[in-house]
Amino acid sequence: MAFAQGAQSSLTYVVESVFGDGGGGTPAMIELPYNTHSLDLVKARLQTAEIRGDRMTRIDRHGNRNNTGDIVVELRDNDYDDFIESAMFSTFNTAGDIKVGTTPSTLAIEDWAADIGQSRFFTGLGVSDMAISIGVNQMVQATFSMVGSDMVQAATRVDATPTATTGGEPFDGYSGTITEGGGASSIISSLNFTLSNSLSPIFVLGSDAAQQLEYGLAIVEGTVEFYYQDADMMNKFLNETESSIVVTVDDPTSGGSYTFTLPRVKYNGASVPVNDPNSRLISMPFVALRDATEATNLKITKN
């Protein structure tokens, strides 16, 4: 008897042309490198409210169904562009830039357990949240929080010969550059931010699967940690001074890079705790606002 092992599990995906179509009849899937994932089908429950003299419930049914879960990856060149485009509601232009837009896109993803020959095929998935984590002594990490329509279980793979990954290596926090307020900064310890779209499934009478995804505003918020060496950053919080953050991360092997531009940020806190005898850090939560010149609150540029 074999039990499925994570080491023999893989993810592949395809961009849908129509919400929930799974990429068409014979989708050409693409390999997706990942660290962990928690993709799942979730169902609501319907329970009768009727009262019987014996105090026991007799009816429990399944109701609305949709997909949810996180995909955690080590960010690298090209392999996750379709997920970034889904998160940004936009596409990379010919110059390699992408800004927050208004056109949603969805993907279908297969979770293939090769050792037991079982497939879970998720359709109608959009990126509700995209979280980026950049810190010292770590790979640049991205978490794509997915919301979708439905799932099919099968004993055959959707595409037995998916397209291979590009072969790039993960970005790290050592080879790039970072500026704050237009000047190079050498006191930043970590930068974490999340683009939230607030995706939610829409249901209609006659079907238990989500028929579409509704969405909210594109909210970009995060936290940056600075070493505490003077009053500059504290004053930006105290005086409500707007600033900017631009960070470039790259693959030191190929030289491919992504630049994250937050052109207009406002710091909404400046905590300076003493946690131990070592260096003190200022933890500064921020919100990224729409910048009139860039016409976005987040821009990503790839080399």
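1. S198 sits in the loop between β13 (188-196) and β14 (200-202). Strands (E, at least two residues) and helices (H or I, at least four) are DSSP runs, numbered from the N terminus.

2. A word on what you are looking at: this is a predicted model, in which local features need pLDDT of at least 70 and side-chain atom pairs count only at pLDDT 80 or more, while totals for chains, interfaces and linings use all residues. Residues are numbered from 1 along each chain as its sequence is written, and side-chain values use heavy atoms, with hydrogens and water left out.

3. Which residues does S198 touch, not counting residues up to four places away in sequence? They are S128, D129, E214, Y215 and G216, where contact means heavy atoms within 4.5 Å. S128 is 70 residues apart from S198 along the chain, and their C-alpha atoms are separated by 5.6 Å.

4. Of its 18 residues, 15 are buried, so β8 is largely enclosed by the rest of the structure.

5. Now for the partners of β8; two strands pair if DSSP finds at least two bridges between them. With strand β7 (residues 107-113), β8 pairs in the antiparallel sense over six bridges, and L107 has L125 in β8 as its bridge partner. The hairpin of β7 and β8 has four residues between the strands, and G117 takes a positive phi near 65 degrees there.

6. Strand β9 (residues 141-148) is also antiparallel to β8, with seven bridges; A131 has T143 in β9 as its bridge partner. These two strands form a hairpin as well, with five residues between them, and N137 in the turn has a positive phi of about 60 degrees.

7. Two further strands can be traced from β8. Five bridges link β8 to strand β10 (residues 150-154) in an antiparallel arrangement, and the partner of F122 in β10 is M151. β13 runs antiparallel to β8 too, joined by seven bridges, with N192 in β13 as the bridge partner of S133.

8. Leaving aside neighbours within four places in sequence, Q47 is in contact with I59 and D60. The side chains of Q47 and D60 are joined by a polar contact of 3.3 Å, meaning a pair of N or O atoms within 3.5 Å; within protein, one must be able to donate a hydrogen and the other to accept it, and residues adjacent in sequence count only if both atoms are side-chain atoms. Between Q47 and R58, eleven residues apart along the chain, the C-alpha separation is 8.6 Å.

9. Finally, the whole chain. The protein chain has two helices and 20 strands, and its C-alpha trace spans about 70 × 55 × 40 Å along the principal axes. Buried residues make up 44% of its 303 residues. Among contacts between residues at least 6 apart in sequence, 69% join residues at least 24 apart.

Technical notes: Buried < 20%, exposed > 50% of the residue type's maximum accessible area, 1.4 Å probe, protein only.
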